[in-house]
Amino acid sequence: MTIRRCALLAVFLVAPLGTLRAQGVEHDFTQAAVVAPQGLDKPEQEAIALLVDRVRERTGIVWERVGAMPSAGRASIVVVPARLADAVAAGLGVSSSALKAGLKPEGYRIESLASARAPRLVIVGADARGVLFGVGRFLRLIHTRAGRAVLPGAIKLVDAPEYPIRGQQLGYRPKTNSYDAWDLDQWKRYIADMAIFGVNTIELLPPRSDDAAKSPHFPRPQLEMMTGMSRICADYGLDVSVWYPAMDPDYTDPATVARALEEWASVLSVLPRLDDVFVPGGDPGHTRPGVLLALLEKQAANIRRIHPRTRMWVSAQGFSQQWVEEFLALLAAEPAWLSGVAYGPQTRLPLPELRKRVPARYPIRDYPDITHSLRCQYPVPDWDVAFSLTHGREGINPRPFDEAAIFHAFARETRGFVTYSEGCNDDVNKIVWSALGWNSKASLVETLREYARVLVGLEPGAADGFAQGLFALERNWKGALLNNDEVETTLARFRAMESHASPWTLRNWRFQQALYRAYYDAYVRRKLIAETELEARALDRLRQAAAMGALAAVEEAQAILRQANELPAPDLRSRVFELAEALFQSIGMQLSVNKYQAIAIGRGTTLDTIDTSLNNSEWLENRFAAIRKLPAEADRLREISAILNWTNPGPGGFYDDLGNPRNRPHLILGAPYEVDPAGFRGTRTGFDQDLGARRSWCRHAAGYYDAPVRMRYGGLDPSAQYRVRVVYTGDMFQVKLRLQADAGIEVHPFLKKPRDLAPLEFAIPRQATADGALELSWYPEPGRGGNGRGCQVAEVWLMRAENAGAAPAHP
C-alpha cells in the first residue's frame, strides 16, 4: 500500500464530523416529549413521525408529541423549522435569532439547552429539509437499547451539506434482484434510511428500460410503483429524478419522436413530484449527439408543461471520440433548455477533463457505479480470481475505503452525485457516499458505527464491532486469497456477533448480508486451498508419466482432481444457503436463478456460482481428453510436458501472468487507485467469466479506451533473436489489437482476438532488442465508444527464438 493511500485511509477513519460534545453525564431522553409547534408542512410532519417511529422501534418507547413545552421536570426534544422559531423561543429561554444563527439551506442546529431538572434539546431546520436532516442526524447520535434512549453528553452542532446534490438511484426493475420484490412500505422505509444520512434526491426508473418488462416478484405494476415512490419522496420533501434512456432506434424519424414525446409525457405526468430527468447518452441508447439533443430539447419543453421546474441532464456515455467532440461542440452553444451534464460509466473523457471542456454554466452531476465489482467503471482493484468467479459482478460489496477514494478523486469537479445502483447489494456504499456528500471529511468509522446503530439496530459496543466487521469484509477482497488469513478472522468476528445477536437483529437484512459475505468468503477460501492442493498433487502425478505411462498418469491425475467434488467445509456452505433463504424472506433478495427466480446468473446470484471450480481442473480435463486421442506415446508425453511447462519460457526467457499482481514483474502499471480509480492513466486488472479456461485467462491486464497495455524488459541479450507468445482474452473479442515494440516497431498489425483463447506467437524484430531492453505496447483500435474495454492481455512469454518451441502452447 502506498504512503499516500495510507494517509488517505487515516483521514477517512479519524476525520471529525464536527460534533461538539461536552464532557459530563449522559442526557437521558427515555421519557422525553417531542415538542412541535402548529403550522408544520407535510415534510416536517413526516420528519417528526420518523423520529418517533424509529425511537419506538429501537427502544419500545413511544415518545409523546406535544404542542407546547412540558413541565420543567420532563425531558423534551423541540423540533422546529426556522420560520417558526418565534413560536418556541420564549419557552426555551433563548432568542429566535439565536436559534436561527448560522443556518444554511438544508442545514440544521442541534443544541442541548441548560435545564435544572431534565435535559432539553432543540432541532432547528433551516427549511423543511433541514428539519428532516436534523432529525436524521439526531437519530444517528442518540444511543438506544430496549427501554432507554440517551445522548452521551451535551451537544451543540450547526451543520449544512457541502454538496447540493446527494442522490441514490432506486430502480424497481427485475435486474436488481431484490428491489423488484419490494412494496411501498419497504420503499418508504428505505428512502427514509437514505434521508437519515443526508440524501436529498431519489432517482427512479420508467417502466420501459433495458430490462425485462415483468418480474415474478413484482407486487404491483411498475408505473404504479413509480408513482407511489414519487409520492413518498414528495411527502419527505426530497427531489425526484428520473433516469430515462432514449432507446428507440431512429430519432430522425418524426413518427418515432412523436411516439417518444407521448410516451414520456404519459409516464411523467402521473408522478406527484418530478425535479430532474437524466438521459444517458448510452448504456442503453445509441443516438448521435446532434439527434439526441434535438430530441431532448423537445422533451424538455414537453415535460415542463407538466412539471415546470424540471431540470434536464444528459451524459456522454458510450460516445466514440468523434461523438464526444460533436457533443461538446453542441454544448459550446450553451442551449438554454439544458440544465447540466451527468458523468457516468463508459464516458471516454476523465471527469476533470470533461469539466474543463463543458461550459461553466452547466453543473456536472456525478453518476458513479457503486454496485458492480467487475467489468465496470470502478472494479475491485486486483481482486482474486476465486472471488471474481464466485461473487461475480453484483455480489454484496461493502467497499468503504474504495468508495471514499473514488469520491475524493472527483467530487471537487461536481455539484454532487446520484449514484448508479442496481440493488441493495451496495447498501453500505450508498451510506458512505451520502455521508461524504454531506461532509467530505466525514469519518468512515463513525459513519459505519452510525449505520450499525441506526439501520442495523445495534447498541454502541456491538455497533463498533459491526462497523469494524464491514471494514474487514472489504479487506477480505484485498490481495491473494490463499494468503489472506484475515478471511478466517473475519468469519470468527461475525460468528461471535451472530451468537450474541438478538432475534430482532438476526432478522435484520443488513446484518444478514454481512453474515452471508463472511461465511461465503471463508467457504470460497477453504475451497480454493483444497482445490489448489489437489491440482498440485495431480501435476506431481503427471511428472511421473515417463515412468508409469502417459495414460496411467492422466487417469490418476484426473481422479485426484475429481476429489474436489467432496466439499471442503459443508457446514459453511450450508450456512450460506440458510442465510440466502433468510435474505429472500426478509427482503426478497434473489441469490439464485433456480431457487429464487433471479433474472440471470451473474446478477448477484452467488448461490449459483458457489461451486465454481477454482483451479485449472476443467482446462486440464479438456487437455486429458485430447491426450487420450493421441495414438503415439511420444506425442502423449510431449503434451503432458506442455502442461507441466506451461509457464516456462525456457532459458533466458520471461513469463508474466498479467492478471496476477504477484506474477507480472514486467507490466507497467498505472497511477495509484486513489488517484485514478477508473484506470484512465494506465493498466488495471480486468476479469472474465468462467469459460472452462485456465484461471490465468479469467483475468488480464486491461487498457481503458485508447490506453495501451505496456511491458518493459531489461537485461536482454543484444545478440539474441526473441519471440513473444501472448494470450488475448476478455469480453470484447470484436476489438482489434496491434502490438508494437519500442517506438513504433510493428510486431503484428491490428487483428481480432481469437475466441478459442489459443496462444499466439510472433517474432520480435532484432532492432527492438539490440540495446538489451524492450518495451512492448498493445494498442486497441482508437476512438471507439462503448464500454472502453478491449485491450485485454492475459499471459505473455518473451522467449529466445531457439527455445520458443520447447513448450508447445496448444489451446
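A residue counts as partly exposed when its relative accessible area falls between the buried range, under 20%, and the exposed range, over 50%. Keep that in mind as you click through this predicted model.

**Stop one: Asp 28 and Arg 148.** Select both side chains. They meet in a salt bridge, 3.3 Å from N to O. The pair links distant parts of the chain: Asp 28 sits in strand 2 (residues 27-28) and Arg 148 in strand 9 (residues 148-151), 120 residues apart. Asp 28 has a relative accessible area of 33%, so it is partly exposed. Arg 148, at 24%, is partly exposed too.

**Stop two: Asp 41 and Arg 83.** Here is another salt bridge, at 3.4 Å from N to O. Asp 41 is in the loop between strand 3 (33-35) and helix 2 (42-59), while Arg 83 is in the loop between strand 5 (76-81) and helix 3 (86-92), so the bridge ties together parts 42 residues apart in sequence. Because their relative accessible areas are 37% for Asp 41 and 45% for Arg 83, both are partly exposed.

**Stop three: Arg 399 and Asp 402.** Are these two buried or exposed? Arg 399 is buried, and Asp 402 is as well. Their closest N and O atoms are 3.1 Å apart, in a salt bridge.

**Stop four: a network.** Now select Glu 106, Arg 129, Arg 166, Asp 239, Arg 273, Asp 275, Asp 276 and Arg 311 together; salt bridges link them into a network. Across the whole structure, a search turns up 68 salt bridges.

**Stop five: the nonpolar cores.** Switch to the largest nonpolar core, with 191 residues. Which of them touch the most other members? Pick out Trp 63, Phe 138, Trp 187, Leu 268, Phe 466 and Tyr 516. Helix 19 (residues 509-542) gives this core its largest share, 12 residues. Then center on Phe 138: leaving aside residues up to four places away in sequence, it touches Leu 51, Trp 63, Ile 77, Ile 110, Leu 121, Ile 123 and Leu 151. Apart from this core lies another, of 28 residues, including Ala 553, Phe 624, Phe 733 and Trp 797.

Zoom in on strand 24 (residues 736-741), which pairs with strand 25 in the antiparallel sense over 5 bridges. Finish on Leu 739, which stands opposite His 748 in strand 25.

Terms used
Residues are numbered from 1 along each chain as its sequence is written. This is a predicted model: local features need pLDDT of at least 70, side-chain atom pairs count only at pLDDT 80 or more; totals for chains, interfaces and linings use all residues. Side-chain values use heavy atoms; hydrogens and water are left out. A nonpolar core is a set of buried Ala, Val, Leu, Ile, Met, Phe, Trp, Tyr and Cys residues joined through side-chain atoms within 4.5 Å. Buried means under 20% relative accessible area, exposed over 50%, partly exposed in between (1.4 Å probe, protein chains only). Helices (H or I, at least four residues) and strands (E, at least two) are DSSP runs, numbered from the N terminus. Contact means heavy atoms within 4.5 Å. Two strands pair if DSSP finds at least two bridges between them. A salt bridge is a side-chain nitrogen of Lys or Arg within 4 Å of a carboxyl oxygen of Asp or Glu.
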